[in-house]
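Try each task before you read its solution.

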Amino acid sequence: MSFPWAQEYKPQGTVSKWVDERLPLPRLVYNAVGAGYPVPRNLNYFWNFGVLAGVALVIQIVTGIVLAMHYYASVDGAFNSVEHIMRDVNAGWFLRYAHMNGASFFFIVVYIHIFRGLFYGSYKAPREMIWLLGVTIFLLMMATAFMGYVLPWGQMSFWGAQVITGFFSAIPLVGEPLRQLLLGGFAPDQAALNRFFSLHYLMPFVIAGVIILHIWALHIPGSSNPTGVSIKGEQDTVPFHPYYTAKDGFGLGIFLIFFVAVTFFAPNMLGHPDNYIPANPLSTPAHIVPEWYFLPFYAILKAFTVDFGIPFTGVIIIEAKLMGVLAMFGSILLLFFLPWLDTSPVRSGHYRPLFRKFFWFGLIPCLVLLTYCGGKPPYTQWVILSQIAAAYYFIHFLIILPIVSRIERPLPLPNSITEAVTGKPLETAAA
Amino acid sequence: MVRLVAFLVGLFFSGMLLIGLGDTVIKAIQEPAQPTAEHEFHEMPLAVSFAHDGPLGKFDRGQLQRGLKVYSEVCAACHSLKLVAFRDFAALGYNEEQVKALAKAWKTEVPSINPETGEAASRPAIPADKIPSPFANEVAARAANNNALPPDLSLITKARGDGTAYVYSLLMGYRDQAGYKNAEGQELLKEFPEAATPAGLHFNPWFANLNIAMANPIAGDDQVTYDDGTKATKAQMARDVSAFLTWTAEPKMENRKSAGWAALGFLIIFTVLAWMSYKTIWADKKH
């Protein structure tokens with residue numbers, strides 16, 4: 001892979017040479033995130049978020065492993081074991097709050113990372129595989145976060161599990177047996193809690209594995225950049241280390257300041273009070289809502305209110321509930337097809353006047369609206385808004401994007417990254 | 001092919017959503033949602049401030065001790081505090097002897113067994129015990145409370161939105177329902193005659209459905225006698241017990257805040273250094 005001008009790893013000491021001949025791991029790191037990886041010189045702060053997502057995963061794994069040493073996966077003991085961690089374990093309150101808010105911050109940085117990809121066309125050739133692996137990581141994260149939220153066995157844990165596993169019962173014929181198979185019972189109970197704990201511990205390592213593939217795929221074509229113009233020569237790049245390690249270090253500091261501010265001064269801001277009530281299968285909370293990062297998808301689920309059938313005959317082909325479930329999963333799965341829906345050869349949204357309008361004035365407000373409506377009770381005004389926003393979501397990706405790529409006249413692109421940065425044409429800038 | 005299928009799927013989903021939208025609008029016009037008493041008359045928690053508020057706030061130890069007194073003499077008759085141990089009271093400023101005395105003098109004893117016969121028995125509490133619950137089990141609690149279950153209070157201020165203010169507002173919120181008006185001047189029983197409080201419940205607009213099973217626990221002044229000479233007004237008792245229940249829900253709050261300032265201080269220095277090295281390294285590169 002990589003570019004001919006990439007710096008080569010030269011082991012200095014005897015030990016380094018000995019290791020390099022037997023297991024060239026330092027060489028691998030050098031080429032992956034060291035001076036051996038040439039990166040476009042014009043990356044903006046949006047390119048910090050991949051590294052930040054990696055850091056967030058490490059925070060989750062480290063705090064999670066220690067929490068698991070004190071947690072007790074039992075319907076009678078789970079809630080109290082979390083409170084034992086909060087009260088009696090040394091710095092347990094910190095581990096628990098860091099893990100709880102760490103999940104939210106993981107989603108915040110991953111959402112910004114995805115938006116970066118959407119706006120700058122990072123999913124386009126030759127980077128489709130990176131995007132596909134990224135969407136896979138996102139799906140795995142959602143499953144992991146959901147199962148993790150069940151573990152404290154509070155009211156929202158239990159009823160969230162009830163609602164989410166209920167999706168499977170919408171599948172015709174096999175739905176209910178499938179749901180019982182997944183839960184190990186008729187409702188979330190000991191069997192479900194145990195398997196959720198087991199999977200919640202497993203999945204982060206699966207995610208780490210897919211991240212390795214994600215980064216491997218990234219190193220084949222190299223990083224994209226805000227202009228979307230491909231690298232033309234050495235003058236367009238800088239070595240990852242020290243240039244981007246330094247920039248990522250600064251970005252990491254800013255990220256941790258936000259993370260620490262919320263974790264230590266408003267740790268329950270992003271949570272739901274009902275999850276401090278122990279799970280009670282006999283008492284349904286007034287409003288069952290998922291964690292904030294699932295709200296847009298929850299809004300799409302709830303937006304489907306009419307059955308699909310043959311008019312005036314009463315024949316129903318797809319029930320509203322099943323359609324909501326299909327649409328909710330579809331809203332994420334359609335991202336897999338994005339590289340083939342957006343056929344414009346221009347990557348960066350900067351040079352796509354029409355795309356940019358739909359992005360900032362269509363997609364972003366639509367997602368904000370879905371997130372907001374997802375957390376609201378099903379009053380008429382919220383249902384109406386989420387139906388409009390959900391309809392726009394599908395129209396944007398499945399209809400507008402393919403048409404825009406066909407009819408849009410992109411703005412002139414710079415000849416090279418260096419030209420875009422220095423304002424000088426390529427020949428003089430290279431000199 | 002991908003784009004054709006995508007187009008049809010997009011058309012189907014958005015079409016069904018727009019039909020649903022029409023359906024929602026028609027239903028809303030045909031059967032407009034009726035205002036409910038809960039919606040119109042439920043009150044948000046009152047604004048009330050405490051020493052422990054804000055990122056620098058610390059618990060007022062005297063207030064927590066007074067709150068414990070209110071809990072032990074009033075609330076503890078019905079409400080358990082299962083997650084708190086007597087030893088935890090050291091954090092309220094009591095010494096070891098005082099904690100031992102508090103445990104020993106607690107009205108409810110700890111369930112145990114008779115070492116000779118193995119029969120059920122009880123013994124006085126020791127500092128290592130959690131606060132003994134007033135009722136042996138849920139059935140006993142419901143039997144004694146008109147079939148209502150008094151919730152455990154250990155986490156109550158975290159289990160309700162704006163919990164500390166909620167507890168304070170609920171305790172101060174008992175009203176005479178006859179002639180009760182909300183801030184807009186609507187009279188409850190005129191607007192919603194069917195919302196009259198059923199027998200055995202008590203009207204309280206700060207409770208979610210306006211009618212709470214708990215009778216007004218702090219009926220008037222001087223229900224408890226404070227050891228520090230503070231005048232035990234109704235509002236004073238409500239504030240003190242709300243502060244105490246904030247502590248039971250979040251006993252490590254002060255550790256959390258002070259650790260937070262240390263972490264922030266460290267990170268600000270780290271970030272400034274990282275920014276300076278970033279600027280130095282990139283000094284010769286236009287980007």
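**Exercise 1.** Find what sits over the ring of Tyr45(A).

Solution. This is a predicted model. Start at the ring centre of Tyr45(A). The charged end of Lys247(A) is 4.6 Å from that centre. A charge counts as over a ring within 6 Å of the centre and within 35 degrees of the ring normal. Lys247(A) sits over the ring. Next, look at the ring's partners. Tyr45(A) belongs to a cluster linked by ring pairs, whose members include Phe240(A), Tyr278(B) and Trp282(B). In chain B, Arg239(B) lies over the face of Phe50(B), 5.2 Å from the ring centre.

**Exercise 2.** Classify the pair of Tyr372(A) and Trp382(A).

Solution. Over all chains, the search finds 57 aromatic pairs. In this one, the centres are 5.5 Å apart and the planes make an angle of 70°. Angles over 60 degrees count as edge-to-face. So the pair of Tyr372(A) and Trp382(A) is edge-to-face. Now place the residues. Tyr372(A) is in helix 14 and Trp382(A) is in helix 15, 10 residues apart. Tyr372(A) has a relative accessible area of 46%, so it is partly exposed. Trp382(A) has 18%, so it is buried.

**Exercise 3.** Which parts of chain B does the pair of Phe89(B) and Phe244(B) tie together?

Solution. First, the geometry: the centres are 6.4 Å apart, the planes 40°, and the pair is tilted. Second, the location: Phe89(B) lies in the loop between helix 3 and helix 4, while Phe244(B) lies in helix 8. The pair therefore ties together parts 155 residues apart in sequence.

Notes: Residues numbered from 1 in each chain as written. Chains lettered and ligands numbered in written order. Predicted model: local features only at pLDDT ≥ 70, side-chain atom pairs only at ≥ 80, totals over all residues. Heavy atoms only, no water. Phe/Tyr/Trp six-rings, centres within 6.5 Å; stacked < 30°, edge-to-face > 60°. Helix = DSSP H or I, 4+ residues; strand = E, 2+ residues; numbered from the N terminus. Buried < 20%, exposed > 50% of the residue type's maximum accessible area, 1.4 Å probe, protein only.
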